[in-house]
Amino acid sequence: MSTDLSADVQAGELQGAGLLPDDGTWREVHRVVFPVGGDLDVLPLYVDFSHSEGVQSETEGLEFVSQGLGEQDSEAAGGRRTLTVPAGKRYSLGTYFNAFPASYWRRWTRADVVRFAGTFSGTGTVTMYKSNARGLRQRVTSWRVEGTAVLTEELSLAPFADGGWYWFDMSGGVQPLTLVEASWSAPVADRTAGTATIGITTFNRPDYCVETLRALASDATVLDVVDEIVIVDQGTQRVRDQEGFDEVAARLGSTLRIIEQANLGGSGGFARGMFEAVRGRTSRYVLLLDDDVNIEPEGIVRAVQFGDACAKPTLVGGHMFDMYDRATLHTMGEAVNLYRFFWGPARGMTHGHNLAASNLRQTPWMHKRVDVDYNGWWMCLIPVEVVEEIGLSLPAFIKWDDAEYGLRALEAGYPTVSLPGACVWHVSWNDKDDTIDWQAYYHERNRFLVALLYSPYERGGRLFRESSYTDVKHLISMQYYAQALRNRALSDLLEGPEHLHRTLASTLPAVRALRADYPDAQVASAPDAYPSPNRGKPPHKGKEPKAPKRVMLVPWAAQTVLRQLRPARQEAVVRPDVALAATEGKWWELSLYDSAVVSMADGKGAVWYRRDPLRFRRLLTEATELHRRALVGWPELRRQYKAALPRITSMQAWADTFGVDLAADRDAPAAPAGAGTGGPERGES
């Protein structure tokens with residue numbers, strides 16, 4: 001259906017009026033938007049130019065009304081919602097942000113149809129498409145535009161059981177064709193619109209936090225769905241001292257609250273966000289955001305609206321894009337392999353897909369609906385009623401807290417949906433190797449902890465085997481500090497669940513202090529910090545080192561372990577055998593040397609690994625005994641941790657850790673819906 005308007009109706013008069021007001025049935029749930037200021041790096045996520053023959057660059061002919069839109073212009077919808085296609089060119093909105101994820105709405109919400117509405121001016125054609133789970137495109141309908149027109153169409157969600165999207169393309173005619181604004185609505189207005197408390201956990205990233213606050217303050221649509229923004233500051237570089245904070249705090253007023261507390265890790269910060277949302281008694285949701293992110297504010301609105309539309313209380317997660325390669329999607333969804341008990345991309349997914357190279361329309365696997373076990377807490381919306389029922393975050397400090405919560409919620413009947421079109425840009429894992437620094441402790445302890453709670457296998461499936469393999473890899477790589485932390489992790493796990501809250505603030509300083517005892521944990525940044533390598537006889541006889549073949553792995557490992565027990569050459573103590581790049585420092589090559597200098601993954605320094613047979617023997621013996629104790633004691637450990645889970649994730653347990661008196665809350669009257677909570681609180685703990 002199309003409604004023609006007189007040609008003298010100006011685009012600006014249409015934008016503020018709203019295309020189709022909420023009539024008690026339909027609610028706008030997905031607006032078509034474009035990047036603030038026309039950010040070139042992210043344009044492929046909003047507009048697909050591959051149809052446009054003769055376009056010399058991605059931005060030729062692309063016109064945003066209000067070019068250079070800044071934060072002060074955030075309420076001028078034209079800058080974010082208007083796109084002009086030149087005469088004779090064709091652009092597609094079949095993109096990550098502007099295609100409508102029909103299969104997710106079909107599977108998880110109360111909607112069975114959606115309604116497209118768009119206002120266009122100029123001359124040209126608008127063509128509606130849909131796809132199926134295999135990524136095959138199907139034409140739905142098209143409209144010819146001459147002058148100014150409002151186009152609407154009701155579209156069924158029935159064909160999208162396993163996957164598929166809706167989107168539209170625009171083709172300029174003899175004159176340019178302008179999209180004034182467009183959106184998708186669903187018949188889900190039967191439920192009162194929900195609001196969220198945003199909980200941002202930060203440790204010494206005040207600059208990122210202030211930028212996030214600016215983005216939130218600059219978008220009135222986001223502020224309409226936000227009750228409160230709670231910054232949980234656990235660092236020594238305070239957000240309140242960052243340049244620009246006072247200005248953005250004044251703009252946000254009572255919507256912003258700062259809580260400063262001891263460093264309790266990501267889980268302690270996110271638990272505090274959940275805790276405050278439950279205490280506030282005003283929000284339907286708590287939205288967890290990491291501190292080192294850039295946000296697309298529209299994604300927050302979409303997450304809240306999707307949550308409102310879900311058939312049951314549902315956790316709604318946002319995807320993660322690479323902050324430094326901004327068109328690259330980290331993953332479409334995450335799952336836990338319950339046999340290996342390790343996280344990774346959901347079935348059929350891959351890490352690191354560049355949408356600038358292959359956009360949504362050209363990537364068939366992106367059209368299959370992705371069902372997940374959990375969503376990373378870089379962005380995750382959680383219904384407060386779910387928090388009240390299943391508890392707050394596990395006191396895990398970092399690693400596995402988000403995965404555990406998704407598994408806990410799923411066990412209680414509450415699914416997680418990683419929603420396309422809701423996302424953040426986050427520093428990727430490409431330049432990190434946190435399995436050999438202080439985080440090695442948390443990787444090992446928390447993986448075992450979550451497996452104790454949720455593994456369906458009698459002794460954790462493949463967990464013990466993989467953990468033992470990893471021990472050997474670290475030891476033959478001369479990474480003794482990492483192995484010492486892994487041993488400590490299992491030792492602490494064997495103490496039982498009471499150690500989790502008790503050691504939440506003290507474990508990190510202890511494991512960091514342990515670095516002083518291990519030369520392989522000392523990073524030197526100067527290029528000439530270490531002696532030049534001793535170019536002697538290469539142990540691999542001039543051949544490229546390769547990982548041992550699977551059939552030879554056991555005899556190779558036995559031979560390699562025996563070599564590690566022999567004394568190292570004396571000259572290897574004063575000069576390394578080799579200097580390797582981070583990508584070359586693999587366990588099978590490091591095992592060949594008595595010492596090696598290896599660059600760090602982030603490129604900021606290097607470490608000198610030196611073989612130490614005494615340490616090797618001691619750490620391997622200790623690791624073997626700890627694994628034996630954990631394997632034998634698995635049934636009792638599982639019983640203890642599962643029994644303790646409701647208690648250690650409760651409001652009271654976290655209140656004790658935060659030093660907050662919950663008794664005062666019980667006597668306080670409930671705050672009225674939408675009530676503010678006062679200005680920024682500084683020094684609250």
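Two strands are taken to pair if DSSP finds at least two bridges between them. Strands (E, at least two residues) and helices (H or I, at least four residues) are DSSP runs, numbered from the N terminus. The model shown is predicted: local features need pLDDT of at least 70 and side-chain atom pairs count only at pLDDT 80 or more, while totals for chains, interfaces and linings use all residues. Residues are numbered from 1 along each chain as its sequence is written, and side-chain values use heavy atoms, with hydrogens and water left out.

**View 1. Strand β7 and its antiparallel partners.** Strand β5 (residues 113–131) pairs with β7 in the antiparallel sense over 15 bridges; look for Tyr 129, whose bridge partner in β7 is Trp 167. Strand β2 (residues 27–31) is also antiparallel to β7, over four bridges, and here His 30 faces Trp 184. Strand β3 (residues 83–85) is joined to β7 by three antiparallel bridges, with Val 85 partnered by Leu 177. Strand β4 (residues 90–92) likewise runs antiparallel to β7 with three bridges, and Ser 92 stands opposite Asp 169.

**View 2. The two sides of helix α6.** Phe 245, Val 248, Ala 249 and Leu 252 are the buried residues of helix α6 (residues 245–252). They cover an arc of only 105° around the axis (taken from the directions from the helix axis to the C-beta atoms), which puts them on the same side of α6. An α-helix has 3.6 residues a turn, so residues three or four places apart point the same way. The buried residues pack against α4 (206–217), α5 (220–224), β9 (226–233) and β10 (256–260), with contact meaning heavy atoms within 4.5 Å. Turned away from that side are Asp 246 and Ala 250, both exposed (over 50% relative accessible area).

**View 3. Helix α18 against helix α19.** Helices α18 (residues 613–632) and α19 (residues 634–648) pack at an angle of about 70°, with axes 5 Å apart. That makes α18 roughly perpendicular (65 to 115 degrees) to α19. Ala 630, Leu 631 and Val 632 of α18 meet Trp 634, Pro 635 and Leu 637 of α19.

**View 4. A four-stranded open sheet.** The strand order is β20-β23-β22-β21, with mixed pairing. The edge strands, β20 (523–524) and β21 (578–580), each pair on one side only.

Conventions. Axes are lines fitted to C-alpha atoms, for helices over the stretch in contact, and angles run from 0 to 180 degrees between N-to-C directions. Angles under 35 degrees count as roughly parallel, over 145 as roughly antiparallel, 65 to 115 as roughly perpendicular and the rest as oblique. Buried means under 20% relative accessible area, exposed over 50%, partly exposed in between (1.4 Å probe, protein chains only).
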